[in-house]
Amino acid sequence: MRIGELSHRTGVPARLLRYYEEQDLLHPERDSNGYRSYGTADVDRVEQIRGLLDSGLTTEIIRRILPYLPCGIHLPVQCLTAETADLLEREAERLGQRIDCLSRNRDAILVYLTTVRGPAQR
């Protein structure tokens with residue numbers, strides 16, 4: 001399938017699919033005319049990339065772990081170099097900070113709603 005169809009099937013703009021390719025996350029074949037050609041497995045891969053990005057992981061981390069994720073996060077021991085471990089530890093800390101911030105914002109919204117609506121209408 002061409003990039004437009006992959007975009008339609010995944011809901012990801014073609015421009016972003018090209019970015020994933022630049023970031024070494026997608027590897028389309030090239031037709032003789034130079035057009036990108038994607039397989040049906042690329043639909044799942046794009047959805048997996050979107051999920052990882054939505055969870056807050058960077059493209060650098062995704063690039064390192066994506067080859068080991070066909071069935072969830074099960075990294076072989078040889079994949080976990082000291083550099084990758086440090087990167088993952090920093091990312092886990094960053095995600096923890098983000099979760100804390102989101103929790104504080106959620107709590108503030110709930111307090112506001114309780115104040116405006118009263119405790120029974122929450």
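Buried here means under 20% relative accessible area. The structure shown is a predicted model.

**View 1. Overall layout of the predicted chain.** The protein has five helices and two strands. Read from the N terminus, the order of elements is α-α-β-β-α-α-α. Of its 122 residues, 26% count as buried. Among contacts between residues at least 6 apart in sequence, 50% join residues at least 24 apart.

**View 2. Helix α5 along its length.** Helix α5 covers residues 82-117, which is 36 residues. From first C-alpha to last, α5 reaches 52 Å, close to the 52 Å expected at 1.5 Å a residue. After α5 comes Gly-118, with a positive phi near 95°.

**View 3. The buried residues of α5.** Thr-84, Leu-87 and Glu-91 are the residues shown, and they are buried in α5. An α-helix has 3.6 residues a turn, so residues three or four places apart point the same way. The buried residues of α5 pack against α4, residues 59-65.

View 4. Glu-91 lies in helix α5. Is Glu-91 buried or exposed? Its relative accessible area is 6%, and the cut-off for buried is under 20%, so Glu-91 is buried. Leaving aside residues up to four places away in sequence, Glu-91 touches Gly-56, Leu-57, Thr-58 and Ile-61.

**View 5. Contact between helices α1 and α2.** Helix α1 spans residues 3-10 and helix α2 residues 14-22. Their axes come within 9 Å and cross at roughly 105°. Angles of 65 to 115 degrees count as roughly perpendicular, and α1 and α2 are therefore roughly perpendicular to each other. On the α1 side, the contact involves Ile-3, Leu-6 and Ser-7; on the α2 side, it involves Ala-14, Leu-17 and Arg-18. By class, the residues of this contact divide into four nonpolar, one polar and one charged.

**View 6. The aromatic pair Tyr-19 and Tyr-20.** How many aromatic pairs does the count come to? The count comes to one aromatic pair. The ring centres of Tyr-19 and Tyr-20 are 6.5 Å apart, with the planes at 55°. Planes under 30 degrees apart count as stacked and over 60 as edge-to-face, with the rest as tilted, so this pair is tilted.

How values were computed:
Residues numbered from 1 in each chain as written. Predicted model: local features only at pLDDT ≥ 70, side-chain atom pairs only at ≥ 80, totals over all residues. Heavy atoms only, no water. Helix = DSSP H or I, 4+ residues; strand = E, 2+ residues; numbered from the N terminus. Expected span 1.5 Å × (residues − 1). Buried < 20%, exposed > 50% of the residue type's maximum accessible area, 1.4 Å probe, protein only. Contact = heavy atoms within 4.5 Å. Phe/Tyr/Trp six-rings, centres within 6.5 Å; stacked < 30°, edge-to-face > 60°. Axes fitted to C-alpha atoms, helices over the stretch in contact; angles between N-to-C directions. Parallel < 35°, antiparallel > 145°, perpendicular 65-115°, else oblique. Nonpolar A, V, L, I, M, F, W, Y, C, P; charged D, E, K, R; others polar.
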